[in-house]
Amino acid sequence: MSCLASSRSSSLVALTDASNHTVNEEVEALLTWKSKLDSGSRYNLSSWNGSSPCSWRGIDCDPLGSVVSFNLSSSAIRGTLHSLNFSHLPNLVTLSLPYNKLFGNIPLFGNIPLSIGHLSKLIHLDLSHHNLSGNIPIELGSLRSLQYLDLSGNSIAGSIPIELGSLRSLQYLDLSKNSIAGPIPSSIGNMSSLGDLWLDGNQLVGSIPIELGSLRSLGSLGLTENNISGPIPSSIGNMSSLWQLWLGGNQLVGSIPKEIGRLGSLHDLDLSSNYLKGSIPTTLGNLSNLENLYLSNNQLSGSIPLEVGGMSSLIKMQLGYNNLTGPIPSSIGNLTHLSDLHIVTNLLSGSLPTEMNNLTSLTRVLLDDNHFVGQLPQEICSSQTLMNFSASNNHLTGIPRSLRNCSSLIRLRLQNNLLKGNITNALGVYPSLNYLELSNNELYGELPSTLSECRKLTSLIVSNNKISGAIPPQLGNMTQLGKLDLSSNYIVGEIPKDLGKLKLLQHLLLDYNLLAGHIPQELGALSELEKLNIAGNNLSGSIPTQLRGCSKLLFLNLSRNNLEKSIPIEIGNLQSLQHLDLSRNLLMREIPRQLGLLRRLEILNLSHNQLSGSITSTFQDMISLTSVDISFNEGNKGLCGDITGLSPCTAPTLKGRNKNKKLLLVLIPTLGCLLSLLLVVGASSIGCRRVRKTEVTSADGSNENPWEILSFNGRKVYESIIEATEEFDAKYCIGVGGQGSVYKAQLQTGETVAVKKFKEVVDIEMGNQKAFEREIHALIEAHHRNIIKLKGFCSSSQHSFLVYEFLESGSLKDVLNNEERMATFDWNRRVNVVKGVAYALSYMHHECSPPIIHRDVSSKNILLDGEYEAHISDFGMAKVLKPYSSNWTSFAGTFGYAAPELAYTMEVNEKCDVYSFGVVALEVIMGSHPGDLISSLASSSSSPSNNSTTSWPLKEVLDQRIPYPKGNVLGEVALVTKTALSCLNPKPEHRPTMQQVSRAISTCNSIVQSALEDIKLEELVDPTCFTF
């Protein structure tokens, strides 16, 4: 008995000694680590002293006093783990050191020590949110007791070790937000206990292993924001416990597997921002527990299935930026918990279902950039929960009646529709509203003064409607307003001086209304104002000197008014000004020298005034200036200076330092022989207010000045052109049209110009004479880099011709027909040509007043310079749209490019040019006229089949003479094709405007990122586009 007691006593002593030895090693290991930390960390661990660690901060022990838990989360620790000897902590169960970077301190750094693999009893390991680097040690695979592993939020690189697959007890694995690369190891499929797997925010590649389908206990799978490719494996449908599936932001391809519909516990499904194709599986309707569905930014097609109504728990549905077609199914009315509906930028069409009135939980509805028609749901905001409502760029016609009382609104965007109705009755009071845009609709009535009660509003944009009445002075109470755009309406009265109280206003746009009176001096108090445009009104009086207070002004346009007196010298104080347009007023006296202080000014237009004096010293130091227009100032009689086209000043002037600086001075006076002046200028409205008469004896004895160009000696230049073309000899002819011929002429100055000579006077019909006048009119009014520049014209008893800049690459048609030039006319240049044409037409339609319609946009009338930049030419058929009058005319244009409605109507509007643009854009992409394709698409829509044109790959349609585009270039080409096809809609009202087209192709580089080569036309064609 004594022997047994002795044995037990010896064992107890031995155990105690071993325990003491372990504790001593633990104390030594921890204190050694503490000593290597910085002073701040040591201070935070001041309780770490003595021989018993159990009372130390963050330390827990077992009954024998050995350390089992080491938890210093959010303790502002800075240092390295390398001085911590983990082999001396053999009983450690929990190691938790997350978030040690408080107050901006540098977090833990260095590699994960390999000795951490000695912690055989470790269950919980959390080293998240430091700056740990290096690779994940394969030794972690030996921690067979480990249940929780979190290494997220570090800078760990390398790949995921396959050895981690040995952790069969692991329930939580988080490696997110690191720099881990390589594939996901299939061995993870062996982690049978795993409940959460987070690998998002890394650089993982390869496909999703099918072995993940074996993880029947997995509840959360996060793989977002990686570079994972390939299809979604159907085995994912076996993960029966899954309630979160996050796969967004990768490069996944193929279709959405229907097996996902078996995941009955799923709450969150994110497949957004991939390259998924095909239709939305009807099986998703089985996911009755699903709350969040994210499928946006893919290439999904087909319709929204009726079965979505089965997702009765759905809160968020985001399907935007796909190619979905057809209507919104009426079953959407079953989703009574839906708060977020996001289906922007698809090809959806039809009327919005009335069942949407059942969605009483909606807080955000985004329907923009589709083809919806008809009324918006009348009770969309009856529950007063809607905060963000946007349905811009559709064909909708009515504002919901519930919108008036929708006090919960924060953002409302309904621009670019066909909305009709009285704006006075449609809008209410919105205490939280910060953005309101209703531009480009057909709203009428007066702006309600109650808008001033929307005190949080930062942007109020209702341009291009039919708004009448006066501007309510109460708008001056909207103190948060940063942008006020009421342009292109029928607003009358004076500009309220109360607008001067809008101290945060940056953009004030009141142009093209019927405003009268003076410009209020109170506007000078708008110190934050960057853009002021009040052009195209009936304003009178002088330009207020108080505008000098708008010190941040970048853009100032006061043109097309009746402003008088002189240009105030205070304009020179606007040091940030880049664009100044005071044209078409009644301004007098000298151009103030203080304008020369505007060193950042790029564009200056003072034309069509009564200015005089010297301009030499005014412009010499304006180093940013690229365009100056001082034409038509009483025939420039009072202006002088050392600039081509002006008389030299009598007083000596200092020579500027910038001798080589070139100013684009648009000095095109309207001249001609006396008889032709009456016919050409007097009978036509070419916008020139004043005529300078000269007397030059012509060869036949009449007083005639055949022409004048840029204020040069008219007769001299006229003779130079006659000499250069040898009396218009055929050998100099470079083109022939219906109204005349085009010649290449090299002047005595060495400059090469293109001369468009109209048919001989004896043969000129009234139509040709009008074409001559129209072309002069259009080109004098239009100044744009993508519109051919008119240098001068002549109308005499002998000749009528126009002189243009010469563009060496010829017409677009010539380039497309020249096999030798294909190598240089690559896809980038082709896309830029389409963009240039779009920009020019947008300018003509939306920035010229009145708008100019070309009526003959075709490849032969688009000229290219040496860099293949497009310039629209031949304005002989152009028509100026006169407001308040009908615009009917006889047919004009080129067959194959003319809009189809011109076969049964003679009414001309901008949509005729839009159609022609679509034809030209396709011609650029295809390399030949797209007539057969347009006919085939129309046939396919009437009798669809599997072999229809829409099923063709885009690759078969593109010009085969140059290599197929790749990557982003293919995306741009696809975008151009999609835009062109939308312009070919046989119904003019469904075609986009050129402004919408130009914005689309300039703001979006591509419709597919790293686009796939098998993209088909059906993904680009609006299914309603070719339905006649």
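In which sense do strand β48 and β50 pair, and over how many bridges? In this predicted model, strand β48 (residues 752–758) and β50 pair in the antiparallel sense, over five bridges. Strand β50 covers residues 800–805 and is mostly covered, with six of its six residues buried.

**A sheet of three strands**

Another part of the structure holds an open sheet of three strands, in the order β51-β53-β54, with antiparallel pairing. β51 (810–811) and β54 (870–872) stand at the edges; each has a single partner strand, so one side of each is left without a neighbour in the sheet. The pairing of β51 with strand β53 (residues 862–864) is antiparallel and runs over two bridges. Within these strands, S811 stands opposite L863 in β53. Helix α9 packs on the sheet, where it touches β53 and β54, and its direction makes about 35° with that of β54.

**Salt bridges**

Side chains of opposite charge can pair when their charged atoms come close. A search of the whole structure finds 15 salt bridges.

| Residue | Partner | Closest N and O atoms |
|---|---|---|
| E259 | K258 | 3.7 Å |
| K501 | D498 | 3.9 Å |
| D959 | R830 | 2.9 Å |

The pair of D959 and R830 links distant parts of the chain, as the two residues are 129 residues apart. D959 lies in the loop between α12 (954–957) and α13 (967–983), whereas R830 belongs to helix α9 (residues 827–846). Both residues also take part in a network of salt bridges that links E819, R830, D959 and R961.

Are D959 and R830 buried or exposed? D959 counts as buried because its relative accessibility is 5%, under the 20% limit for burial. R830 is likewise buried, with a relative accessible area of 0%.

The other two pairs have their own values. In the remaining pair, K501 is partly exposed, with a relative accessible area of 40%, and D498 is partly exposed, with a relative accessible area of 24%.

How values were computed: Residues numbered from 1 in each chain as written. Predicted model: local features only at pLDDT ≥ 70, side-chain atom pairs only at ≥ 80, totals over all residues. Heavy atoms only, no water. Salt bridge = Lys/Arg side-chain N within 4 Å of Asp/Glu carboxyl O. Buried < 20%, exposed > 50% of the residue type's maximum accessible area, 1.4 Å probe, protein only. Helix = DSSP H or I, 4+ residues; strand = E, 2+ residues; numbered from the N terminus. Pairing = 2+ DSSP bridges. Contact = heavy atoms within 4.5 Å. Axes fitted to C-alpha atoms, helices over the stretch in contact; angles between N-to-C directions.
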